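This briefing looks at one protein model, topic by topic. Please keep the sequence and the 3D view open while reading.

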Amino acid sequence: MRGGFLDTVVMRVGCDLKIGSTKKIDVCGVCGGDGTSCTQPLYQWEIAPMSLCSVTCGGGYKMAMPTCRNRVTGVDVEESLCNASSRPEPTVVQCNTHLCPPKWVTDDWRSCSKPCGGGIRERVVVCAEESNGAKNKVPDEACRGVRPKNQEPCNVQECPKWVVGEWSGCSVSCGSGIQVRSVECMDTNGHYSAQCDPGAKPVTGQPCTTGIICNAGSVSSALSGGANT
């Protein structure tokens, strides 16, 4: 006993449970054997039990896979311990080949009939029975339950609208001129949009008059006076 601790010595123990032994179990399961005492190796291929069927009806498959197993203990081990050249093929059999009960089958929804303002979208809905992965249409009366809808409303949000501003004043102080206003396409959230109908866009300008007749003589005199100064 040194420093308050016992010295620990690790000794090797063989399969014969003797200290210092180097004996190991050979491929025949014999402790210290050389692998020649048996006609069968320790590790061999066996077929595992069948799996569950891949489907409950309509035709599926179930499979039994080969597994590498310790012949003595019956425990599954790594496949590399078995002879790869003697590995059996997996067993595959059909199962649950009876027809499935008919059921409603729906296609994807088609595009909406309108981009806004309330449209309709449609899809195909049929009663079908499945066999071996193929669906065959049958009369609707063969299906149970409520038939899924084949159309529904879509894009019910209000369409963007043209929003007009106030007319400006006339561009002249007498005679005829032009007045303008702003015209913008806006959605229901007050954001600018490009989805308004261009053909329905209100006009942005129109002729206008002040109701005052321009005095051509006064204008000429003013121009002449300016030229003589």
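Cys 143 touches Pro 102, Lys 103, Trp 104, Cys 127 and Ala 128, leaving out residues up to four places away in sequence; a contact means heavy atoms within 4.5 Å. This is a predicted model, in which local features need pLDDT of at least 70 and side-chain atom pairs count only at pLDDT 80 or more, while totals for chains, interfaces and linings use all residues. Residues are numbered from 1 along each chain as its sequence is written, and side-chain values use heavy atoms, with hydrogens and water left out.

**Nonpolar core**

- Cys 143 belongs to the largest nonpolar core, which has five residues.
- A nonpolar core is a set of buried Ala, Val, Leu, Ile, Met, Phe, Trp, Tyr and Cys residues joined through side-chain atoms within 4.5 Å.
- Buried means under 20% relative accessible area, exposed means over 50%, and partly exposed lies in between (1.4 Å probe, protein chains only).

**Arg 123**

- Arg 123 is in the loop between β6 (119-122) and β7 (125-131); strands (E, at least two residues) and helices (H or I, at least four) are DSSP runs, numbered from the N terminus.
- Arg 123 is buried but has no salt bridge, a salt bridge being a side-chain nitrogen of Lys or Arg within 4 Å of a carboxyl oxygen of Asp or Glu.
- The nearest side chain of opposite charge to Arg 123 is that of Glu 152, 6.6 Å away; Lys and Arg count as positive and Asp and Glu as negative, whereas His and the chain ends are not counted.
- The side chain of Arg 123 reaches the backbone oxygen of Lys 149 at 3.0 Å.
- Not counting residues up to four places away in sequence, Arg 123 touches Thr 106, Asp 107, Asp 108, Trp 109, Pro 148, Lys 149 and Asn 150.

**Salt bridges**

- The structure holds seven salt bridges.
- One of them joins Arg 121 and Glu 152, with the closest N and O atoms 2.4 Å apart.
- This pair links distant parts of the chain, as Arg 121 is in strand β6 and Glu 152 is in strand β9 (residues 151-154), 31 residues apart.
- Arg 121 counts as partly exposed because its relative accessibility is 27%, whereas Glu 152, at 14%, counts as buried.
- Arg 147 forms a salt bridge with Asp 140, the closest N and O atoms being 3.5 Å apart.
- Arg 147 is partly exposed at 35%, and Asp 140 is partly exposed at 31%.
- Glu 158 and Lys 161 also form a salt bridge, and their closest N and O atoms are 2.7 Å apart.
- Salt bridges that share partners join Glu 46, Arg 69 and Asp 76 into one network.

**Thr 67**

- Thr 67 lies in strand β3 (residues 66-70).
- Thr 67 is buried because its relative accessible area is 13%.
- Apart from neighbours within four places in sequence, Thr 67 is in contact with Gln 44, Trp 45, Glu 46, Ala 48 and Asp 76.

**Positive phi angles**

- Asn 96 is not a glycine, yet it has a positive phi of about 45 degrees.
- Asn 96 is in the loop between β4 (91-95) and β5 (103-106) and is partly exposed, with a relative accessible area of 30%.
- Asn 155, also a residue other than glycine, has a positive phi near 45 degrees.
- Asn 155 is in the loop between β9 and β10 (161-164) and counts as partly exposed at 30% relative accessibility.

Notes
Polar contact = N/O pair within 3.5 Å; in protein donor to acceptor, adjacent residues only side chain to side chain.
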